[in-house]
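Hello,

Here is the structure you were going to look at. My notes follow below it.

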Number of protein chains: 4
Amino acid sequence: MTATAVVEPAHRALATKHTTMKALVYHGPGKKAWEDHPKPQIAAPTDAIVKVTRTTICGTDLHILKGDLPSCVPGRILGHEGVGVIDSVGAAVTAFKPGDRVLISCVSACGKCEYCRKGMFSHCTTGGWILGNTIDGTQAEFVRIPHADTSLYPIPERADEEALVMLSDILPTGFECGVLNGKVQPGATVAIVGSGPIGLAALLTAQFYSPAEIIMIDLDDNRLDVAKRFGATAIVNSTDGKAFEAVMKMTGDRGVDTAIEAVGVPATFQLCEQIIAPGGVIANIGVHGVGVELHLEKLWDRNISITTRLVDTASTPMLLKILGAHKIDPKRLITHRFKFHQILDAYETFGDAAKTKALKVIIEA
Amino acid sequence: MTATAVVEPAHRALATKHTTMKALVYHGPGKKAWEDHPKPQIAAPTDAIVKVTRTTICGTDLHILKGDLPSCVPGRILGHEGVGVIDSVGAAVTAFKPGDRVLISCVSACGKCEYCRKGMFSHCTTGGWILGNTIDGTQAEFVRIPHADTSLYPIPERADEEALVMLSDILPTGFECGVLNGKVQPGATVAIVGSGPIGLAALLTAQFYSPAEIIMIDLDDNRLDVAKRFGATAIVNSTDGKAFEAVMKMTGDRGVDTAIEAVGVPATFQLCEQIIAPGGVIANIGVHGVGVELHLEKLWDRNISITTRLVDTASTPMLLKILGAHKIDPKRLITHRFKFHQILDAYETFGDAAKTKALKVIIEA
Amino acid sequence: MTATAVVEPAHRALATKHTTMKALVYHGPGKKAWEDHPKPQIAAPTDAIVKVTRTTICGTDLHILKGDLPSCVPGRILGHEGVGVIDSVGAAVTAFKPGDRVLISCVSACGKCEYCRKGMFSHCTTGGWILGNTIDGTQAEFVRIPHADTSLYPIPERADEEALVMLSDILPTGFECGVLNGKVQPGATVAIVGSGPIGLAALLTAQFYSPAEIIMIDLDDNRLDVAKRFGATAIVNSTDGKAFEAVMKMTGDRGVDTAIEAVGVPATFQLCEQIIAPGGVIANIGVHGVGVELHLEKLWDRNISITTRLVDTASTPMLLKILGAHKIDPKRLITHRFKFHQILDAYETFGDAAKTKALKVIIEA
Amino acid sequence: MTATAVVEPAHRALATKHTTMKALVYHGPGKKAWEDHPKPQIAAPTDAIVKVTRTTICGTDLHILKGDLPSCVPGRILGHEGVGVIDSVGAAVTAFKPGDRVLISCVSACGKCEYCRKGMFSHCTTGGWILGNTIDGTQAEFVRIPHADTSLYPIPERADEEALVMLSDILPTGFECGVLNGKVQPGATVAIVGSGPIGLAALLTAQFYSPAEIIMIDLDDNRLDVAKRFGATAIVNSTDGKAFEAVMKMTGDRGVDTAIEAVGVPATFQLCEQIIAPGGVIANIGVHGVGVELHLEKLWDRNISITTRLVDTASTPMLLKILGAHKIDPKRLITHRFKFHQILDAYETFGDAAKTKALKVIIEA
């Protein structure tokens with residue numbers, strides 16, 4: 001075995017000669033820049049380097065920029081969503097080769113550890129949500145993807161890249177944490193508290209199971225209008241503090257079978273506690289910064305379940321099939337489009353959603 | 001159709017001529033008496049009158065006596081557990097006839113309503129936990145059982161009545177609210193917080209599923225000794241406030257797959273929040289009087305479930321089969337025995353468990 | 001209690017004075033008549049008498065007329081589907097009163113026996129499929145419904161009676177035996193072998209779960225055209241004996257996740273054996289008259305399941321909610337309409353479906 | 001990076017200098033030899049070479065020797081069970097290093113393909129049951145294990161190697177194909193048809209779920225005696241052809257909830273068809289050489305399931321935990337012990353089980 005022969009499989013690569021690239025780098029609370037950064041290199045035989053063709057911004061990125069996530073340190077490239085083209089792969093990667101178009105999952109999974117073997121990729125002992133968090137992310141011209149064989153998905157032929165960007169995080173999150181955990185069933189009554197991008201993703205994917213009613217609750221009339229167009233059967237503006245009364249009236253004082261929390265603050269979780277019917281499920285999607293009061297003195301005998309979940313993206317193959325069958329149109333979530341060099345504008349637009357009515361923004365190479 | 005012919009099926013009865021009986025009557029907070037009371041009569045065609053041969057006292061009875069349950073008003077006969085003999089049945093009762101020996105379920109179920117059709121008998125729209133709560137109960141010589149066909153169970157031949165009294169409430173409660181809701185699995189690690197009667201019932205029934213470890217946590221060394229004899233693989237006395245550390249050490253810092261809350265106070269529920277492993281289930285059995293702090297800021301991404309449940313007794317047929325097959329010995333829960341006329345002593349013994357080491361007391365006709 | 005008072009609850013009735021009625025009576029193989037018949041009477045306190053407003057004919061009725069079902073003896077009124085109005089109720093009926101509009105379930109359920117308590121109403125020890133089989137059925141002006149409280153459903157306000165007739169049997173059969181048993185999932189590939197009324201009911205209800213592909217297989221181009229309009233994503237005319245090859249080609253040689261057998265002959269079941277993918281489910285709906293060859297020498301290591309089921313109608317409440325939410329339009333199954341006095345024409349039309357293109361026929365009072 | 005540095009991770013190895021080894025080689029129907037054979041080499045970066053310390057013989061090995069499995073060609077080393085010590089690993093193996101003690105799974109799993117991601121390792125597109133079938137197996141001094149990280153398990157400290165050999169195939173097979181697929185539940189009635197090693201493995205593992213009754217059926221009184229000692233609650237010698245009648249009598253004419261087929265011939269499968277209760281499951285474990293008659297004319301309305309499965313060994317981590325907790329003693333299956341050089345004697349003893357009463361034989365290095 002010669003050195004040449006060894007190097008080749010360890011670093012099978014397109015003839016890309018770049019050594020630097022542009023990237024969106026976090027520089028501590030309130031600070032970010034689109035700047036030059038060394039291009040990532042294969043670090044383990046299971047890595048792939050992906051040339052990013054499209055990415056987006058997540059509400060979590062805004063949290064990081066506020067300084068809420070100590071796991072993400074200054075100097076980190078942000079972003080955990082996107083699609084792209086394989087630039088190079090490590091020697092142990094068998095499912096992909098340079099030139100392949102791929103969907104990047106927001107969760108990296110080794111496929112080997114105790115959690116991965118249960119399909120709980122979010123808690124992979126060497127993966128989970130690390131992109132744009134504990135390692136560099138996708139808001140860059142190139143990104144290193146660990147455990148590439150089990151963290152990337154081949155893009156189906158003729159697929160629409162913009163729609164696919166929605167499958168990196170937001171759709172599996174709404175579906176797994178909200179719809180699957182919430183056990184949405186045909187004929188059921190569902191309430192979704194929060195009509196932002198993630199609540200709307202839950203709304204779109206809840207319809208896979210044909211619930212009879214989907215009640216959407218938010219403070220913003222524009223977002224409720226969007227919800228109505230996306231399939232909500234009823235909307236409630238909770239500004240008046242009477243969402244509980246409204247939902248109970250709509251459900252004949254029974255409450256809802258599934259309450260999906262898609263905001264992440266105590267008030268919205270407690271609304272879920274109030275409106276849940278006996279035997280129902282409260283499925284939490286929201287990222288909470290503080291604890292909430294759980295009214296066990298009222299709930300102990302109500303036969304309810306409460307679930308939490310960091311998305312596992314275990315449903316990605318299923319979502320790809322549904323997308324391929326045109327049973328869902330995730331592009332409806334996209335409101336704005338930018339080029340990579342406009343990414344600071346994209347952040348501004350996304351960060352001021354109340355004014356810009358932004359849901360998801362696409363950032364294109 | 002003659003009046004005589006009609007009266008017969010409406011009130012098929014043993015030739016019992018009693019019009020009064022003895023009963024344990026609640027007279028407001030702190031007050032109770034074993035006193036004369038009118039014998040109950042068939043009030044609906046689906047009723048049965050049962051002559052009680054054995055009953056017991058539940059922790060909930062003590063709560064009522066403290067005045068904690070406004071639904072139970074003075075004048076009420078207490079008790080929701082017991083076995084007995086059918087004295088008379090209403091015209092629509094088809095499964096039982098006078099003289100049949102029966103197990104009384106703590107939950108009454110019509111078998112017809114939306115909840116009953118789902119097996120969620122606890123929320124039966126005309127039943128649920130009503131005995132010794134909103135209607136007169138079983139701590140009496142006779143008790144009226146509504147919806148008799150679906151709320152009583154024929155006692156298997158040669159069955160031990162004392163063992164069966166444990167199937168009225170405590171075993172199905174430990175099993176359904178703790179073990180089934182907690183998804184106890186072969187090879188799993190389970191913690192049960194609270195080694196009182198209900199925690200011990202969860203301990204006995206958890207073993208139906210062969211978990212690898214069952215860690216029992218309590219403040220009382222005597223009860224922990226009992227737990228050890230009943231099959232706990234480890235015990236933790238939490239008096240030192242270090243139960244969390246102890247459990248994490250026992251589980252290699254992983255936590256437990258199932259945490260069963262069998263006390264009903266904030267501290268024990270919060271211990272469950274601390275010790276639950278990613279992907280685990282916290283199954284609440286405890287009757288809570290106040291809310292608890294749910295640390296969603298720590299749990300939102302842990303993929304856990306929290307369940308609550310009022311026992312449905314849907315598992316009673318299964319438990320009867322297991323009892324018949326000698327796979328469980330519920331009499332191990334019985335520490336003291338009394339006659340009906342000694343019921344005030346029974347209450348005293350049961351109420352002072354720390355001193356008397358009482359678990360369940362049998363009260364015999 | 002006076003005799004008058006007793007008679008009233010035992011036979012609460014509208015002031016209908018009929019003692020005879022018209023009914024479709026089976027008189028042995030090949031023989032039937034629309035003739036005078038004594039009006040049914042309350043026979044048990046749980047009975048109701050229903051005035052039938054609309055009924056239909058099932059393929060099973062044709063089987064009976066061929067003499068295939070020995071359980072159904074000459075003299076029997078046929079029919080197990082329909083909607084109507086409560087005429088009178090027995091003393092123990094609590095959910096309905098004369099004048100109530102009701103849906104009649106094809107399966108009678110006591111709600112009490114071991115099977116009913118599991119939701120397996122089809123095997124109710126005193127019910128199951130008895131209407132128009134072992135007791136008189138619904139193709140008559142009046143029908144006696146045993147176990148009325150748990151075998152009838154209140155008709156929602158403003159509901160369309162014709163659509164509801166489809167909920168007596170054909171929709172729950174397609175849904176429970178085909179879709180639920182077949183574990184149809186979002187994104188899955190489903191094949192339905194048989195595009196008759198029952199296969200089409202499976203097709204309509206399979207869409208509750210958003211499968212990616214539904215391949216419909218039949219010998220009749222007209223029925224395949226209907227399937228296409230009802231949502232099939234692909235159709236296969238199996239007349240050429242090459243359905244297996246066609247399905248494997250469509251699925252990239254993988255086979256289907258769910259194969260629903262909706263015919264009831266060996267050839268169609270064996271096609272399901274051939275096209276099922278590893279890990280898939282064959283859900284049998286067909287009523288089989290002879291055994292089939294199960295190729296365990298090929299299937300033993302394929303991780304498949306095969307299910308059989310007599311409809312339980314446990315899903316009727318769910319189907320009523322979905323119908324109420326306009327998520328399904330079962331009237332699409334109705335091709336012909338008749339009056340009661342034309343019922344023999346209705347049989348002729350339904351029995352010659354190849355020529356008349358009949359799917360379901362409505363027979364109206 | 002130097003050539004030396006590269007070679008090291010690609011072939012991290014103990015200083016074992018062997019180039020040949022002894023192995024049990026299949027030479028066509030009826031022919032086998034314990035002979036010299038080249039020692040296996042790392043062929044892919046995910047491979048490991050394991051020095052076998054203990055192996056055993058499976059009934060499938062006897063089938064191969066009869067010429068029943070065309071996939072296994074002459075020249076193949078047989079065997080798919082065993083424990084050993086890692087001798088060397090490929091560059092991409094991260095979970096094991098030379099010197100580690102490991103359990104060898106009978107099923108190789110890549111952990112990446114569509115089937116592996118569902119836990120259906122048996123159908124891994126580059127694995128499945130290949131050892132001793134399509135690639136060389138474990139009845140040799142050394143064996144090459146593909147996809148080592150996801151096909152080997154670290155052996156817990158102080159574990160008993162003989163017990164662990166039972167976890168390569170027979171225990172997960174009995175558990176997954178029989179007990180899990182058969183949905184064995186607390187209080188249930190189970191019949192196991194076939195009291196050979198695999199039926200006995202199902203018997204041992206069925207007890208994880210505390211069924212009320214386990215009826216063991218076989219033609220051999222010795223094996224039924226073993227079953228009795230292993231926990232069967234009843235035994236039936238079916239030599240008289242009256243097993244059906246015996247089981248129905250034992251179950252009050254109801255039949256069994258779970259029937260486990262552990263033989264693989266039409267007669268035993270058809271007995272399962274006869275004894276299954278409505279709502280029950282027939283779980284096939286047997287390897288069938290011919291088709292069987294499925295009596296759908298009797299079963300179509302019985303609400304039963306039939307399952308088939310090639311073991312996935314997805315339950316191995318669970319079984320390791322149960323073994324570690326001493327909830328099962330798989331060594332009870334071991335009847336004979338041999339050294340590697342006596343492997344032909346081991347085959348003779350195992351092949352003549354009726355006379356030798358052999359269940360599982362251990363072959364030790």
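In β10(B), M216(B) is the bridge partner of I192(B). The model is predicted. The two strands concerned are β9 (residues 189-193) and β10 (residues 213-218) of chain B, paired in the parallel sense over five bridges. Helix α7 (residues 221-230) of chain B packs on the sheet, where it touches β10 and β11 of chain B, and its direction makes about 170 degrees with that of β11(B). Helix α8 (residues 243-250) of chain B lies across β10, β11 and β12 (256-261) of chain B, at about 160 degrees to β11(B).

The sheet is open and has twelve strands, with mixed pairing, in the order β11(A)-β10(A)-β9(A)-β12(A)-β13(A)-β15(A)-β15(B)-β13(B)-β12(B)-β9(B)-β10(B)-β11(B). Its edge strands are β11 (234-237) of chain A and β11 (234-237) of chain B, each pairing on one side only. From one strand to the next, the twist averages 15 degrees.

Now chains C and D. Strand β15(C) runs antiparallel to β15 (residues 305-307) of chain D, and three bridges join them. Within this pairing, I306(C) stands opposite I306(D).

The contact takes 36 residues from chain C and 36 residues from chain D. About 3000 Å² is buried between these chains, with 56% of that area given by carbon and sulfur atoms. There are two salt bridges between chain C and chain D; one of them joins the side chains of E114(D) and R254(C), at 3.6 Å, N to O. On the side of chain C that touches chain D, the residues divide into 14 nonpolar, 13 polar and nine charged.

Regards

Methods
Residues numbered from 1 in each chain as written. Chains lettered and ligands numbered in written order. Predicted model: local features only at pLDDT ≥ 70, side-chain atom pairs only at ≥ 80, totals over all residues. Heavy atoms only, no water. Contact = heavy atoms within 4.5 Å. Buried area = accessible area lost by both parts, 1.4 Å probe. Salt bridge = Lys/Arg side-chain N within 4 Å of Asp/Glu carboxyl O. Nonpolar A, V, L, I, M, F, W, Y, C, P; charged D, E, K, R; others polar. Pairing = 2+ DSSP bridges. Helix = DSSP H or I, 4+ residues; strand = E, 2+ residues; numbered from the N terminus. Axes fitted to C-alpha atoms, helices over the stretch in contact; angles between N-to-C directions.
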